[in-house]
Amino acid sequence: MAKPTLLLIHPGQDKDRIGSKRRRKSSIPKLNLPLLAARADHLFDIKIVDESIEDVDFNLRPDLVGITVITQVSARAYQIADRFRAAGVPVVMGGFHVSFFPEEALEHCDAIVIGEAEGAWDSLIEDFLGTGMKRQYKSETPHDLVGLPKPRLDLVNRKAYSLPNVIETARGCPHACSYCAVSQFWGRQFRFRPIDEVVEEIKSMPPGYMVIVDDNIAGSPNRAKKLFEAMIPLKRKWYSQADIRVGEDPELLDLAARSGCEWLFIGIESVNDVNLAAVGKSRVNSTEKFKRSLAAIRGAGIKVFGSFIFGFDDDDPNVFDNTVRFCEDNKIEGANFYIFTPLPFTQLYEDMSGEGRILHHDWSRYDMNHVVYQPKKMSPSQLLEGYLKAYRRMYSAKSIFRRMAWTKKDFAPFLALNVGRRLNYKYFEEGCRI
């Protein structure tokens, strides 16, 4: 007897199109749907569609559609759900946006999952295959991360991703930055997968670089050291995220480098201490420690990909040049720039809404590439144009030369990243101006 079919979808954003054409390449696959697929593959034939790199085939008639929703794709997610439901296909939705706006989501689907899907997915599937789904499922307690199944990454198009090997080793964040919802969704305490389970999953991965998608791989230094020690014999090269304090622990840095760490994505966010304090980031970040920590990370042979946000309340039009100059002075190998964005379920949104500074509620523009609020020390137009200017300057030939890694080991990946960003600028700008 044939299994029922399950179609799992990541909706795409407008900026995932180049002109009228869908992009066909992305950085890494998202892990949540492959994890859910692994919990249902004994009961369903499953297809995963990532709309950032491929189109949804609305001629398909699966037995069930599952859609994961973040705020900036919520309108597109509802369009997809409405089309399948119009064809008689039941739809279930989950993710950040659904968890914070359940009533809105229920207008477009047959059932929703609130919170982490692991705590509700099995019951939902059992009900679907039995007497029928309830309207709402909720994960009452966070998953302890013990015994997570191996994600079905074989169901994604590996060739469409620059780094298709992804793994999760922990969830949660103890910080409560006013612009971020990570701690609201995943919790304020770190939860860790057993290290032996992580090691076994890494061993099963195909060759190639690996991305550890934890929000802060070094957030618990003692646990990170044990994990890195266990990873050393595996001889895998990997990338991940950490906060700037990783540069204050020489033993941690040494173990990270020996275990194969080549790049760390670090949320520096602002080179202004007033801004860092205003959004609750000063406990972790300070301009006093940036130079020292970044030099230590570079000295350990690990490259830094910095994250910076423009449009904090103490930012004026000088912030763009100041930030790029900071990157050049500290030899930061690469950077992402973002526009300060008050996501609708954060304290930041509540504060700005109360001040009358929210410009509109088109959630598709709440993607950190568009200005959706009134900045304090510049106009919305100044913020957008300065943001684009910073990108152009950061990836100009002059800046690339100033930040260039001259060692043989680092030169090729540094140049590939920076030249790629330079060549991608017109598409980046198009997405920001849509």
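The side chain of Asn 275 reaches the side chain of Asp 315 in a polar contact at 2.8 Å. Keep in mind that this is a predicted model, so the distance is computed from predicted coordinates. Asn 275 itself belongs to helix H10, which spans residues 273–278. Is Asn 275 buried or exposed? Buried: its relative accessible area is 2%. Leaving aside residues up to four places away in sequence, Asn 275 touches Ser 270 as well as Phe 312, Asp 313, Asp 314 and Asp 315. So the polar partner Asp 315 also turns up in that list of neighbours, and the burial of Asn 275 goes with a relative accessible area well inside the under 20% cut-off.

Let's step back along the chain to strand S15, residues 303–310. How many of the 8 residues of S15 are buried? The count is 8 of the 8, so the strand is largely enclosed by the rest of the structure. You can see this on both faces: Lys 303, Phe 305, Ser 307 and Ile 309 point one way, while Val 304, Gly 306, Phe 308 and Phe 310 point the other way, and all are buried.

Now look at what flanks S15. Strand S14 (residues 261–269) pairs with S15 in the parallel sense, over 6 bridges. Within that pairing, Leu 264 has Val 304 as its bridge partner in S15. Strand S16 (residues 334–339) also runs parallel to S15, and 6 bridges join the two. Here Phe 308 stands opposite Phe 337 in S16. How does the chain get from S15 to S16? Through helix H12 (residues 319–329): S15, H12 and S16 make a right-handed β-α-β unit.

Glu 269, which is placed in S14, has a phi near 70°, a positive value in a residue other than glycine. For context, most residues other than glycine have a negative phi. Glu 269 is also buried, with a relative accessible area of 8%.

You'll find Leu 145 in the loop between strand S8 (136–138) and strand S9 (165–167).

Next up, helix H9, residues 250–258. Leu 252, Leu 253, Leu 255 and Ala 256 are buried there. They cover an arc of only 165° around the axis, which puts them on the same side of H9. On the other side of H9, Pro 250 and Arg 258 are exposed. What do the buried residues of H9 pack against? They pack against helix H8 (221–231), strand S13 (238–242), S14 and helix H11 (287–299). Just after H9, Gly 260 takes a positive phi of about 115°.

Helix H13 (residues 347–354) can be read in the same fashion. Its buried residues include Leu 348, Tyr 349 and Met 352. These cover an arc of only 95° around the axis, which puts them on the same side of H13. Just after H13 there is a glycine with a positive phi too: Gly 356, at about 70°.

What about the cysteines? A disulfide is a covalent bond between the sulfur atoms of two cysteines. How many disulfides does the model have? The count comes to 0.

One last stop is Gly 95, in the loop between strand S6 (91–94) and helix H3 (96–100). At 16% relative accessibility, Gly 95 counts as buried, because the limit is under 20%. Gly 95 and Ile 114 are 19 residues apart along the chain, yet their C-alpha atoms are separated by 7.3 Å.

Key. Residues are numbered from 1 along each chain as its sequence is written. This is a predicted model: local features need pLDDT of at least 70, side-chain atom pairs count only at pLDDT 80 or more; totals for chains, interfaces and linings use all residues. Side-chain values use heavy atoms; hydrogens and water are left out. Helices (H or I, at least four residues) and strands (E, at least two) are DSSP runs, numbered from the N terminus. Buried means under 20% relative accessible area, exposed over 50%, partly exposed in between (1.4 Å probe, protein chains only). A polar contact is a pair of N or O atoms within 3.5 Å; within protein, one must be able to donate a hydrogen and the other to accept it, and residues adjacent in sequence count only if both atoms are side-chain atoms. Contact means heavy atoms within 4.5 Å. A disulfide is a pair of cysteine sulfur atoms within 2.5 Å. The arc is that of the directions from the helix axis to the C-beta atoms. Two strands pair if DSSP finds at least two bridges between them. A crossover is right-handed if, with the strands pointing away from the viewer, the path from the first strand over the helix to the second runs clockwise.
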